[in-house]
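Please open the model in your viewer and keep the sequence panel beside it. The stops below tell you what to select next and what you will find there.

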Amino acid sequence: MRAGARRVGAAFVGLGVALLIWWAAIRFLVPPTGILARFAPDDAIATLVRLLGEGDLVAHAVASLRRIAAGLLVAAAVGIPLGLTLGSIRLVARTGGPVLGLLRMISPLSWTPIAIILFGVGDSPVVFLVAMGATWPIAVNTAAGVAHLDPTWLRVARSLGATRREALRLVVWPGIRPDLLTGLRIATGIAWVVLVPAEMLGVDSGLGYFILDSRDRFAYDELVAAILVIGSLGLAIDGLACFLFGNRRRTVGGRSWFRGRSLQVGSGRGLPARTGQVTAGGGLTGPGVATTPSGGPAVPEPR
Amino acid sequence: MVALALRVTDGQRAYHRGATRQPVFTDLNLEVRTGEVLALLGPSGCGKSTLLRILAGLESLDHGRLEVFGARPSAPKVGIAFQQPSLLPWLTVAQNVALGLRFAANRAARTPDAVSRVLDELRLESVADAYPAELSGGQAQRANVARLVVTGRPILLLDEPFAALDPGTREALQDWLLDLQRARGLTLVVVTHDLSEALHLGDRVAVMSGIPGTIRRVWDVRSHGGRTDRSEAGEAVRRHILSQYDADPRPADRPTTWADTLSDSPQGR
Ligand SMILES: Nc1ncnc2c1ncn2[C@@H]1O[C@H](COP(=O)(O)OP(=O)(O)OP(=O)(O)O)[C@@H](O)[C@H]1O
Ligand SMILES: [Mg+2]
C-alpha cells in the first residue's frame, strides 16, 4: 500500500516536471508574439477546464471511445478465432503465418484509401482502421497461447475423465488466457494510436476531428487541450486494460507460470501467495507492431 | 480363478520417428488381478510408461487386446499418475488436487473433505495454497498422486510415484499407499526402479525386458513369505534381472543407472 502511494506520488512529480519543462520551453525559447507561444500549458489547462465545462470536448471524447470499443470488438471477433485456428492447425499456421506476418507489419493507416473506398465516410472507415491495427496482435498472441499449450495438461484432463467441453473450459481456456489478454492489451494501445489520425478523415466528431477543427479555427489552446485529453485517456485506458487484462492470478506469489512471457511481476515472493501485486503498468501504446507479449512499465525499471 | 482387473493379450505398440518405425513392445502379455499390487520393473526406456498410458486408455495398442474387468474399457475405471508431475501451473496445489472432481466423470467421489483429507495424508497441507512453481520435486510428485487418489478409481497406475523423496518420507508414503489400497480394495500397478520398493509394495513383481519390451517373468512375491521377509524373493528377482543384463547382446544400450540400482539396492525387507 505504502509502495503504491509512493509510486503514484512519483508519477505526479514526473508529470509536474514535464509540465514545468513545457512551460519553460515556451516561455524562454519561443518569441512571445509567435504562433508557438499560444501552445503554452497555462492557457491550455485553463481552456481544458472551460471545454470540459461546456461539454463539447466530452462529447468528442465519447465519440472516440465508442469507435475504439467497436474497433476492438471487431478485432477480437476476427482475431481470436483466427488465432485459435492458426495455433491449432499446423497447415494453417504454415500457410497463414507469413500472410499474418506481412499484414501486421503494415501501418494500419496505409489502409485509409481502401477504407474510404469500402466504407465511404463516417464511423465505419474509422472503426475499420482501428480494427485493422488491433486484429493482428490479438491473432498472433492467441495463436502463441494455443501453441504453448502443454499437451500433458490435456492428457491429464483426459486421464481424469474430462469430456471435451470440460477440458476446453478448465484446461485449454485458462491455458491460453494469459496470452490472449496480452494480445488484447497490446491491441488496445494500438487502437488508441490509430484512432486519432483516422478521425482526421471525413468525420465530424471525435478527438482527432476536434484537433483539425481547432487548427482551422486557429484555436491553438483548444488544440493543446485536446492533446492533453488524448494523452490522459490513453493512459487511463491502458491502466484499465492492465487492471482488467493483466492476469493477477498468474503473478500471484511473485512468480509467473510462463517463464519468459509474463507481465512484469511484483516483488512479492514465496508463500503465502496472496501479494497480488501487479506492476504491469505503463504504456503499450507503440504504433502497431509490438506483437510479442510484453508488458510492465513503459520504461523498464532497473533492479 | 482370480478375477482380472486388467489384461493385455498379445499387445504390440510402436512409435514412428520420422520414417522409421520403432517397436516399443511386441507380444506383451500381462494380467493384473483385482485387488493386488503389481510392481513393474524394467530398464529405462523399455516401455513401462507407454504400457501404463495404454492401460489407462490414453493410447491404444497397434495390435492386441486390452480388457478392464474382463470387458472392453468403457467407463473410467483406471486412473494414472504420470511420471512427470503434470500440475496445472495456474492452479494451487489444492485446486490441482480438486481438478478431477470438477469433471462429471468423478461426480461420485465428490465429498466435502475429500481434498483436504488427501492433502493431509500426503503431508501437503502446508503447501495447499502454493502454486506448482513453488513446490519442491517431491511435493509436486505427492500432489500428482493426491490428484489421482481423490478420483476414487478402482484401478490406479502410478509411474515412479515416490522417486524424488527422501527415504523417510518415501517409506511413510509407501505404507500410506498400502493402507489405502487395503482399505479401498484398490488394484495398483506401480512402476519403480527401486527393487526394494518393488518388493515392499508388490504382491507380485513383473520385470520388463529391453527393446522391444516384453514381460519376461512375474514373481508372486507374497507367496515367498509375505511382506515382512522377502529376501528370498528379492534374491530371485535380482538374480533374474542380473542374468538378463549379462545375457544382453547390446549391453551398451542399457543405461548404467539400471545396473547401479541393482547393485545398490538393499535386499527385500
Ligand atoms: N511419444 C513418443 N514418440 C516416440 N517415441 C516414444 C514416445 N514415447 C516413448 N517413446 C519411446 O518409447 C520407448 C519407451 O518409452 P517409455 O517412456 O515407455 O519408457 P520407460 O520404460 O517408462 O522408461 P523410464 O524408466 O526411463 O521412464 C522409448 O524408447 C521412447 O523413446
Ligand atoms: Mg517411464
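Before the first selection, a word on helix length: the expected span of a helix is 1.5 Å times one less than its number of residues, and helices (H or I, at least four residues) and strands (E, at least two) are DSSP runs, numbered from the N terminus. This is a predicted model, in which local features need pLDDT of at least 70 and side-chain atom pairs count only at pLDDT 80 or more, while totals for chains, interfaces and linings use all residues. Residues are numbered from 1 along each chain as its sequence is written, and chains are lettered from A and ligands numbered from 1 in the order in which they are written.

**First stop: a helix of chain B**

Select α5(B), a helix of 18 residues whose first and last C-alpha atoms are 26 Å apart, close to the 26 Å expected at 1.5 Å a residue. Step just past the end of α5(B) and you reach B:G185, which takes a positive phi of about 65°.

**Second stop: the domains of chain B**

Now colour chain B by domain, with bounds that come from an automatic or database domain assignment: domain 1 covers 34-59 + 70-77 + 154-248, and domain 2 covers 88-151. The C-alpha centres of these two domains of chain B lie 24 Å apart. Where they meet, 10 residues of domain 1 of chain B are in contact with eight residues of domain 2 of chain B, contact being counted if the C-beta atoms of two residues, placed from the backbone, lie within 7 Å. On the domain 1 side of this meeting place in chain B, β6 (155-159) and α5 (167-184) each supply at least two residues, and α5(B) gives the most, with three residues.

Select β1, β2 and β4 of chain B, three strands that form an open, antiparallel sheet in the order β2-β1-β4; strands pair if DSSP finds at least two bridges between them. At the edges are β2 (20-33) and β4 (63-68) of chain B, each of which pairs on one side only. From one strand to the next the twist averages 20°. Between β1(B) and β2(B), which run antiparallel, there are 10 bridges, and you can look for B:H16, whose bridge partner in β2(B) is B:R21.

Which residues surround ligand 1? Among them are B:Y15, B:R17, B:G47, B:K48, B:S49, B:T50 and B:Q83, a residue being near if its C-beta atom, placed from the backbone, lies within 6 Å of the molecule.

**Last stop: between the chains, and chain A**

Show both chains together, and select the contact between them, which takes 24 residues from chain B and 23 residues from chain A. Finish on chain A, where the assignment gives domain 1 (1-30) and domain 2 (31-254). Their centres, taken over C-alpha atoms, are separated by 27 Å, and five residues of domain 1 of chain A are in contact with eight residues of domain 2 of chain A.

Key. Axes are lines fitted to C-alpha atoms, for helices over the stretch in contact, and angles run from 0 to 180 degrees between N-to-C directions.
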